[in-house]
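I'm opening a notebook page on a structure that is new to me. I'll jot down what I look up as I go.

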Amino acid sequence: MGKMAFDLAHLLAGGMLVLSFVLLYQDRITATLNVFALQAIVLSLSVAWQALIQDAPHLLVTAVIALVVKGIVIPTALHRIVRRLGIHREIEEVLGAGPTMLAGLGLVALSILLVFPVGENVGVLAREDLAFALAVILLGLLMMITRRNAVTQIVGFMSLENGLILAASGAKGMPLVVEFSVAFSILIAFFVFGVFVFRIRERFDTVDIGALDRFRGERRDRQ
Amino acid sequence: MTLPFDVAPLHAILLIPALAAVLLAVLPSYRIGVAINVLAAGPTFAVSLLLLVGERERGDIFIIDDFNIYLIVLTTFIGFTTAIFSASYIGHELETGRLTPTFLRFYHALYQAMLCAMNVALTANNIGLLWVGVEVATLSTVMMVGIYRTPEAVEAAWKYFILGSVGIALAFFGTILIYLAAQGALGEGAPALAWDVMRQNASKFDPNQLSLAFVFLLVGYGTKVGLAPFHAWLPDAHSEGPTPISAVLSGLLLNVALYALLRFKMIMAANPKTLDVGLIMMALGLISLVFAAFMLYRRRDIKRLFAYSSIEHMGIMTFAFGIGGPLANFAGLLHMTMHSLTKSAIFFAVGHVAQVKDTQRLADIKGLSVTHPTLAVGLALGVVAIAGLPPFGVFTSEFMLVSSSFPRQPWLAVILVFGLIVAFGALVWRLQEMLFGEPVGPAGRVKASYIPMFVHLAIVLAAGIWLPEPVVRWFQAVAAQLG
């Protein structure tokens, strides 16, 4: 494997991680969607590059799916939903930008510490890709925790899935069945999410899931 | 290598529910839908019995071995009885207008999709396919949990969905890691994801990679199993969805997730240098058991009560498999079966009780023995069985577990017994409140199908009194495999 191949793969995976950080502090909903779309596009480039250097043409299918579905279709649809719901203003965050970024840095350190010692014999590229991917996954989780808005939680989840695909494409020779199923399940997941957003909108006139807390079964229990 | 298409019964248990799901989705009439739902679940169960006598086969995609056959039979059986229960339950929901025919169409299609996905997960040899099966089964139950579209139901479904997705994402990452661990020894491509090949070669894998993978798989699938502290979705999902779904969630889906976890534990067991997963599973199991046992006292909602009881019992099973060894594994397998049958029978009774009383609040359910004696008998038998009293099968498995864990982990065994007693107290207390006392609320007649409930209870009773020799030998063989 040439140095060029290695560097470019690193650059793209690193780019995804940077975009994950941008997602963390982004406080406007439309900007969040745009950053997510950008991350999906970087993902598709990264997967395509992996297809090239691993000589695995089936990965190109995954790259195209990432580009079309997550880079174009889903962000467009979400933009439309956001406009229809009339919520393109601020996103409330549980934590401020500073603490969130610090927590994010901690998670990146954690994923490096976790993956590096055990990944000795899977090859340097796969190992570092895996560390990047785990960082993206953990940052996606963090985003889901810090957001209260249903749409941005969806974005957090999909960013997490981006990390999963990055990990799967980095694993050399992982059969197509799996990647395809991931792409497929994202579609299903999005479908379900979409249905929920609509129901939540229909029922509460808000997509702030803080409003859902009022209906916790627990509280009703104590009546 | 055999192609999966050679295995006809295997083919059928996946195809029948899949075709039924498509058919149910396009058929507008809910009456026909109800009939098809039962008619599809029945043959699926019948075909699964053929697997019992058929040959054990393997391919890179599907596998049939002793371990999954008994779970497939159990799953299709409860899928069938729940479909019968669902038919009478749904009739009442239509009358009261809680569900409309359009939603019923979705409901039935999703029910079959869920059965199909669970069968895929159970028969999968490819661990990626196993993951797909668990995920699709989860997604279809999410939709069904939210089907009443009340604020509580939407919240429950949302919570279930978020926690379930995170769990499933972590499980997928674990799957990738385990593939990477296998790839060094097995090369690239499909065989490196085949469970049986992995297990045979596990000793050649890097133990650290395996351990890391298992941690992700444990948290991922453990969320689905409902182990504390990843259980937050479970009580909501059980209490807000239609009761047939509560029955299959507790009876089947939790089992399938635990099954997935056990498959990976078997790979770990084949490599002695890995992390001691037994210890982690014992700890998680005991935490779930004790936590849920105390939570039982604070419940005000009948379905939440039994949901916490499910967490408790999944904890018991996880503890049993964590201890390991032939006797504890045997107890765990038996407990899995007995709990599925008993808990779904309880939910059958609870569904009708909640319908006839028009509430799920425990305070409004009293004096059932006077107003609805048959339901009261069913509920009483179910609760007595699940609380672990003889002569029911749950007693047998719990007794075996306690007696096998005392010599090996005396202190943990004390905690186990303590948790069992606490839970027992809560269940008996709640049961006598529901059965006796001045009847409250409506006392109307109930249009119920009692057959599924009593069939389940009869099996549990029979298993408690006498386990047939072939079944014992079977469980022993599987327990030995589990290591």
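Predicted model: local features only at pLDDT ≥ 70, side-chain atom pairs only at ≥ 80, totals over all residues.

**Contacts and make-up of chain A**

I started with contacts, meaning pairs of residues whose C-beta atoms, placed from the backbone, lie within 7 Å. In chain A, 71% of the contacts with a separation of 6 or more are between residues 24 or more positions apart. Residues are numbered from 1 along each chain as its sequence is written, and chains are lettered from A and ligands numbered from 1 in the order in which they are written.

Next I looked up the secondary structure, with helices (H or I, at least four residues) and strands (E, at least two) taken as DSSP runs numbered from the N terminus. Chain A has eight helices and zero strands. I also checked burial: a residue is buried if 20 or more other C-beta atoms lie within 10 Å of its own, exposed if 12 or fewer, and partly exposed in between, with C-beta atoms placed from the backbone. Of chain A's 223 residues, 45% are buried.

**A helix pair in chain A**

How do the axes of helix 1 and helix 2 of chain A cross? I used axes as lines fitted to C-alpha atoms, for helices over the stretch in contact, with angles from 0 to 180 degrees between N-to-C directions. The axes of helix 1 (residues 3-25) and helix 2 (residues 29-53) of chain A come within 9 Å and cross at roughly 165°. So helix 1 of chain A is roughly antiparallel to helix 2 of chain A, the word for angles over 145 degrees. Among the residues that meet here are Leu8(A), Leu12(A) and Met16(A) in helix 1, and Val35(A), Phe36(A) and Trp49(A) in helix 2 of chain A.

Leaving aside neighbours within four places in sequence, Ala121(B) is in contact with residues including Leu130(B), Val256(B) and Ala260(B). I followed Leu130(B), which lies in helix 5 (residues 127-145) of chain B. Is Leu130(B) buried or exposed? Leu130(B) counts as buried because 25 C-beta neighbours lie inside 10 Å. Not counting residues up to four places away, Leu130(B) touches Ala121(B), Ala124(B) and Ala260(B).

Helix 1 (residues 8-26) of chain B came next; its buried residues include Leu10(B), Ile13(B) and Pro17(B). The buried residues of that helix pack against helix 2 (30-53), helix 3 (66-95) and helix 4 (101-123) of chain B.

Most residues other than glycine have a negative phi, and most peptide bonds are trans. I noted the exceptions I came across.

- The bond from Ala228(B) to Pro229(B) is cis, with omega near 0°; Pro229(B) sits in the loop between helix 8 (207-225) and helix 9 (233-240) of chain B.
- The bond from Pro390(B) to Pro391(B) is also cis, with omega near 5°.
- Asp358(B) is not a glycine, yet its phi is positive, near 60°. Asp358(B) counts as exposed because it has 11 C-beta neighbours inside 10 Å.

Technical notes: Contact = placed C-beta atoms within 7 Å. Parallel < 35°, antiparallel > 145°, perpendicular 65-115°, else oblique.
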